[in-house]
Amino acid sequence: MADLKVALVGNPNTGKSTLFNLLTGLNQKIGNFPGITVDKKTGYCKLPSGKTAEIIDLPGTYSLYPKSKDERIVFQVLADERNNAHPDIIVLVADSTNLRRNLLLFSQVADLGKPMLLVLNMADMAKKEGISIDVDKLAERLGVQVVSISARKEEGIAQLKKAIAQTTTVATQNSSVETKDFAPKAIEEIKRKIGVDNDYYALQILHQHEHLTFFTAKEQEEIETIEVSNSFDTVKLQGEETVARYKHLSKVLNDVVTDTGAERKFILTDKIDAVLTHKIGGVIIFFFILFFIFNAIFSWSSVPMDMIEGGFATLTEWGHEYLPAGVLTDLLLDGVVAGLGGIIIFIPQIAVLFALISILEDTGYMARVTFMMDKVMRKFGLSGKSVVPMIGGIACAVPSIMSARNIENWKDRIITIMVTPLISCSARLPVYTLLISLVVPNEKVLGILNLQGLALMGMYLISIAAAILVALVFKFILKAKERSYFIMELPVYRMPRWKNVLFTMYEKSKAFVVEAGKVIIAISIILWVMSTYGPSQRFEAIDAKYNNIEATSTDSVQLASLERDRAAEKLENSYAGIVGKVIEPAIKPLGYDWKIGIALITSFAAREAFVGTMATIYSVEGAEDSEAGELRLRDKIAAAKDPKTGLPIFTIATAFSLMLFYAFAMQCMSTVAIVYRETKSWKWPVIQLVYMTVMAYVAALIAYQLINP
Amino acid sequence: MKLSQLSPGQKATIVSFTDAEMSVKLMEMGCLPGEVVEIERCAPLGCPIAIRVAGYQLCLRKSEAAVIVIQ
């Protein structure tokens, strides 16, 4: 247990997360703030006093007046003493190279009257740019401890820990602006109503009570009444307060900051921007980088993925050999281990994608992508800020939809959330690769282009085109609730912080395994049970039939395939087979049989279950062969024939119809859940599920009917 | 004059804002009356624009730059 709680508060791009990682090391965990889905990063730090501090990283914000969902958390946590993230000490992290703007947030937070201290980060950069800060004078004027550090260079961390340990439990900061003057009567009434004595807290309550969940409906109504009776004008007062604070800060910073050449800060950035955001060159470079990311996801992860696959195959084989044979062993190996392998295999791709995305974000390039793409994206009802979630959608829609929180505008955000799951995610990749390898020859055209690679790229292009078209449709259907903001900071270019990159890779991979893992293992087990068991009468009848054949038949061919035929007939009559048969009429026009039907059902919760299901179905069918590598799976599927016509089931028409189905269908419970949590209503996930399913069915139907001769 | 009417390379001083809600956001990010702004560059399709103000770079849409009155 921690002795005290410390919250990190600061503007975006101030190196807050780097400092957080430095203070806590790997000793951190990610949870949720109660009731909302914003990531809550907490970790522990040993102080020189021997006490342990729990460090909480709050979302970056320019002011206590929130403009996005993430920013709302800051005041919610600072305002609510019952919130389990409510800190004893606030550490305000400021960028030394831009002190005035950073101190706006400081002065707001200081007026809440909590014990706090100020950290001036990026001291090394400020020095390089010729900015010098008189730390002692600043500390004296603000009335709090001021510590100058460089998180990137790991300088000043020991002093910071000492300062945290020394922070008194009574707030020492000097008052800044007379907050009471903004709305004297309303503030007085609020203070009496809710029993607080801090003027600024009362003013913030007037501004933000709608977002505070700890008030009862009756209290909310009373606050509303106070607002109305005093004709409290939120927007006007926020403006007045901001101006007053800057005025105060000019006085505070007089003689404290000497700037002998902040212009130098931009020389390098300007040169890089001239190339990277060039009207033509910049766009070409962007597409080149996108292509590089794609390529890296596939090529860099192929070796570890093969190793993981091989490892799990060996594990299963070993298990079947050494573990006592029986139902439990089968469940463990063919249900749990198979399901686990299906999840872990995605780790290399997710790690590579998030490493690259975090490098692009860390260097400042992602902000430029947003800048360049905004106008194009706006034509389709999206915003430049939608680019990041949509690129992230190539890996996984779940974190991408969470990252759409940065989009302040409601309509832009909803459209981004609605179309992101259409972008082909890494879970579709194994479906595509398996099906493409079945029907597209591994040949080269024009000497260099691999046909299979082209088919795969085609699937990705189709998914992006679909996302853009659907966004356009939503643009005309949805009514805008508020206006769209785009104002954002373009940070100077910097080298990526490699430690942060590693942290991101680790965090995202872990989140994926834990979140997706639960669903997939459950499905694997259910599927195994459903395909192993069936109505006992039918199973008894099958056993009786084959036992009879075994005892009486002399036909050697029939005897040789006896066990396989028995397993096939059992699968057909198992619960999974029965369900597959029930939906067969509906999927027949798409070119699927009941076995593919089973795969569709199991993929309903997680599409990555497709390959596993095919493996389970075909390995149940061929139970004689104990090894089930992908190559064998591919051969088995390719050899599958329609029992009535004797024609192969997996033709080009079926494969493409299936790929289109998987490209458009929402088969992902985690996405449905995250959309519900992010939009706080069932309306959006239901609309999404319906439109994607209809689109998938229609596209698959058209593809099959067109290609099938 | 409005900020949106300047072309890259031109400088001006912020005088006031024509939109109260946007002005809070702009001021929080450092665009205060009295500050000098410089248009740095336009995005490939002419919008948004990147500006330099109060020691850092901001980008905003032309429609947003239109609420900033300059001289």
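Contact here means heavy atoms within 4.5 Å of one another, and that is the term to keep in mind on the first stops of this tour. The model is a predicted one, in which local features need pLDDT of at least 70, side-chain atom pairs count only at pLDDT 80 or more, and totals for chains, interfaces and linings use all residues. Residues are numbered from 1 along each chain as its sequence is written, chains are lettered from A and ligands numbered from 1 in the order in which they are written, and side-chain values use heavy atoms, with hydrogens and water left out.

**The interface**

Select chain A and chain B together: the contact takes 43 residues from chain A and 33 residues from chain B. The area buried between chain A and chain B (the accessible area, with a 1.4 Å probe, that two parts lose on being put together, summed over both) is about 3600 Å², and carbon and sulfur atoms give 59% of this area.

Next, show the side chains of Arg41(B) and Asp273(A), which meet in a salt bridge at 3.5 Å, N to O; the term stands for a side-chain nitrogen of Lys or Arg within 4 Å of a carboxyl oxygen of Asp or Glu. Across the interface of chain A and chain B, the rule finds five salt bridges.

To colour the side of chain A that touches chain B, pick α3 (99–110), α10 (234–253), α11 (267–276), α15 (365–379) and β12 (488–490), the elements of chain A that give two or more residues to that side. Helices (H or I, at least four residues) and strands (E, at least two) are DSSP runs, numbered from the N terminus. The largest share of that side of chain A, seven residues, comes from α15(A).

**Chain A as a whole**

The C-alpha trace of chain A spans about 105 × 55 × 50 Å along its principal axes. Among contacts in chain A between residues at least 6 apart in sequence, 72% join residues at least 24 apart.
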